2 protein chains.
Amino acid sequence: MSDDLFKALADGTRRTILDELTEKSGQTLFEICARLSMKHGLGISRQAVSQHLAVLEAAGLVETRREGRYKFHELNVAPLRHITERWLGPRIPGPEKDPS
Amino acid sequence: MSDDLFKALADGTRRTILDELTEKSGQTLFEICARLSMKHGLGISRQAVSQHLAVLEAAGLVETRREGRYKFHELNVAPLRHITERWLGPRIPGPEKDPS
DNA sequence: TTGATAGGCAAGTGACGACTTGCCTATAGT
DNA sequence: ACTATAGGCAAGTCGTCACTTGCCTATCAA
């Protein structure tokens, strides 16, 4: 069900996080917090960002990798590729279609 | 900005409405209500559907046209075309960049 | 006119989402 | 050992969202 995907994209802060991970993938939580504060002026707590990252991970947009006490977040744009195909018509003849 | 667009897509019922308008554009409110009930088993009130259509219209995904006591709703997929481009941009598979 | 159809407006409810606060665990550096 | 760093967990607040209810307007047909 792609419900998680659309819900994840519904929040502006989460979309900004995707922007930051697009610019530099493999950031830690604190790194993302710093960037949101510096570049976007978002006064947001660490836990809030952590929760956003959890939502993005549940949607398959972010994958994590642990190394010691660091947890790196990497972007995965694959789920974004075909989410609008169902309304933009059969541009690419594919075998499966997955509405939700 | 595009906030309305993502918010409009966040709801599953609204995405189903887009599906129905994709299949047959230019439907009235009651026609959409009937289809949601019949084909999708959605027990939803007329007013709820009306509010969904208002959200979709605010996002630019639906345009309306009045004729007498009828109001026809037409799909406009243009806003959907490039909403994921900011993340699907020129990503060259390979090692990460190192901006300073 | 009367009645039925198509739709709109506004207030209220219930649930979910975004965010905070406080405390806890684990790893690394000295 | 002690301390700072990186992160997690859980409860609670507050606002927004989806939906309902009730009533109102407009158009068309008899």
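## Contacts with DNA strand D

In this predicted model, a polar side-chain atom of B:His52 sits 2.2 Å from a phosphate oxygen of DNA strand D. That is a polar contact, meaning a pair of N or O atoms within 3.5 Å; within protein, one must be able to donate a hydrogen and the other to accept it, and residues adjacent in sequence count only if both atoms are side-chain atoms. The surface near DNA strand D draws two or more residues from each of α3 (29-40), α4 (46-58) and β2 (70-75) of chain A, and from α2 (12-23) and α4 (46-58) of chain B. Here helices (H or I, at least four residues) and strands (E, at least two) are DSSP runs, numbered from the N terminus. The biggest contributor is α4(B), which gives the most, with four residues.

Which part of DNA strand D does the side chain of B:Gln51 approach? An N or O atom of that side chain lies 3.0 Å from a base oxygen.

## Two chains together

Now to the protein partners: 21 residues of chain A are in contact (heavy atoms within 4.5 Å) with 19 residues of chain B. The two chains bury about 2,200 Å² between them, 59% of it on carbon and sulfur atoms. Buried area is the accessible area (1.4 Å probe) that two parts lose on being put together, summed over both. On the chain A side, A:Arg15, A:Trp87 and A:Leu88 lose the most area to chain B, together 30% of what that side buries.

Four salt bridges cross this interface, each a side-chain nitrogen of Lys or Arg within 4 Å of a carboxyl oxygen of Asp or Glu. One of them joins A:Arg86 to B:Asp19, with the closest N and O atoms 2.7 Å apart.

## A hairpin in chain B

Strands β1 (residues 62-67) and β2 (residues 70-75) of chain B pair in the antiparallel sense over six bridges; pairing requires at least two bridges found by DSSP. B:Val62 stands opposite B:Leu75. Two residues lie between the strands of this hairpin, and B:Gly68 in the turn has a positive phi of about 60°.

## Reading the numbers

Residues are numbered from 1 along each chain as its sequence is written, while chains are lettered from A and ligands numbered from 1 in the order in which they are written. Local features need pLDDT of at least 70 and side-chain atom pairs pLDDT 80 or more, whereas totals for chains, interfaces and linings use all residues; side-chain values use heavy atoms, leaving out hydrogens and water.
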